[in-house]
Amino acid sequence: SPLNGTGNKHVREMLKRLGIEGVRIVKEQEKPDGNFPTCPYPNPEIKQVFELAIEMAEEDKADLLIATDPDCDRVGVGVCHNGEYVLLTGNQTGALLVDFVLKFRKDSMPANAAVVKTIVTSGLGAAIAESHGAKTVQTLTGFKYIGEKICNWEENGENTFLFGYEESYGYLAGTHARDKDAVSASMLIAEMAAYYKNQGKTLVDAL
């Protein structure tokens, strides 16, 4: 669900390019509408915004729910686990993504590979990054500080940015943007869910 915001076409196109089939959209939240009639507070951190998605998903037990906020820079995730929908926190999704992104870089991990998180974000992702041989750098709260690290490191070569995230549902892999990006994050989340499904696991199992 784009929650009546801007993410509809962009996220659907990325999932299509990824080869994800069976994508369904919450019709009441599909079109841009600044009045947000079905969710007065269109924040993917709030359980209420997933109510319509869960109702629709229960018809065919969809594996994954994805909701992007109105400007499509943050994304929330729901997972069908043992027949019930479990909503992941930003810290949980971030930790899973750190593991997923770094797991597939182990054969090409730069010596100065770094993950960036804000000071109010859980330390779980940092522990995971360390287990993969990457350092974690902390910044003040706000993704602009993560973007600042990317720019500074590109200039001075101190570290190589691989992933940045914050507990408020913002994620960025790679340096194509200097801000959190729900389009590429939605793609990674779907890819990650498919990876674990092929092992008979949900994202809750992986967590």
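Where does Pro110 lie?

Guide: This is a predicted model. Pro110 sits in the loop between helix H3 and strand E4, which covers residues 113–118. Now look at what Pro110 touches. Leaving aside residues up to four places away in sequence, the partners are Arg105 and Thr160. Take Thr160. Pro110 and Thr160 are 50 residues apart along the chain. Yet their C-alpha atoms are separated by 7.0 Å.

H3 runs over residues 90–103. We can follow H3 to two other helices.

Start with H4, residues 124–131. H3 and H4 pack at an angle of about 15 degrees, and their axes are 8 Å apart. Because angles under 35 degrees count as roughly parallel, H3 is roughly parallel to H4. Their crossing is right-handed. On the H3 side, the contact is made by Ala95, Val98, Asp99 and Leu102. On the H4 side, Leu124, Gly125, Ile128 and Ala129 take part. By type, this contact has 6 nonpolar residues, 1 polar and 1 charged.

Next comes H6, residues 182–197. H3 and H6 pack at an angle of about 75 degrees, with 11 Å between their axes. Angles of 65 to 115 degrees count as roughly perpendicular, so H3 is roughly perpendicular to H6. H3 brings Thr93, Leu96, Leu97, Asp99, Phe100, Val101 and Lys103 to the contact. H6 brings Leu188, Ile189, Glu191, Met192, Tyr195 and Tyr196. Sort the residues of this contact and you get 9 nonpolar, 1 polar and 3 charged. Note Asp99: it takes part in the contact with H4, and in the contact with H6 too.

Now follow H6 to H1, residues 8–18. H1 and H6 pack at about 40 degrees, with their axes 9 Å apart. This crossing is right-handed. From H1, the contact uses His10, Val11, Met14, Leu15 and Leu18. From H6, it uses Ala182, Val183, Ser186, Met187, Ala190 and Glu191.

H1 and H6 lead us to the last stop, the largest pocket. Each supplies at least two residues of its lining. So do helix H2 (51–57) and strands E1 (64–68) and E2 (75–81). The volume of this pocket is about 780 Å³. The lining holds 20 nonpolar residues, 6 polar and 7 charged.

How values were computed
Residues are numbered from 1 along each chain as its sequence is written. This is a predicted model: local features need pLDDT of at least 70, side-chain atom pairs count only at pLDDT 80 or more; totals for chains, interfaces and linings use all residues. Side-chain values use heavy atoms; hydrogens and water are left out. Axes are lines fitted to C-alpha atoms, for helices over the stretch in contact, and angles run from 0 to 180 degrees between N-to-C directions. Helices (H or I, at least four residues) and strands (E, at least two) are DSSP runs, numbered from the N terminus. Angles under 35 degrees count as roughly parallel, over 145 as roughly antiparallel, 65 to 115 as roughly perpendicular and the rest as oblique. A crossing is left-handed if the near helix is turned anticlockwise from the far one by less than a right angle, and right-handed if clockwise. Contact means heavy atoms within 4.5 Å. Ala, Val, Leu, Ile, Met, Phe, Trp, Tyr, Cys and Pro count as nonpolar, Asp, Glu, Lys and Arg as charged, and the others, Gly among them, as polar. On a 1 Å grid over the protein atoms alone, a cavity is a set of points where a 1.4 Å probe fits but cannot get out, and a pocket is an open set with protein on both sides within 12 Å along at least five of seven lines; lining residues have an atom within 4 Å of a point. Grid points are joined across faces, edges and corners, and a volume is the space filled by probe spheres set on the points.
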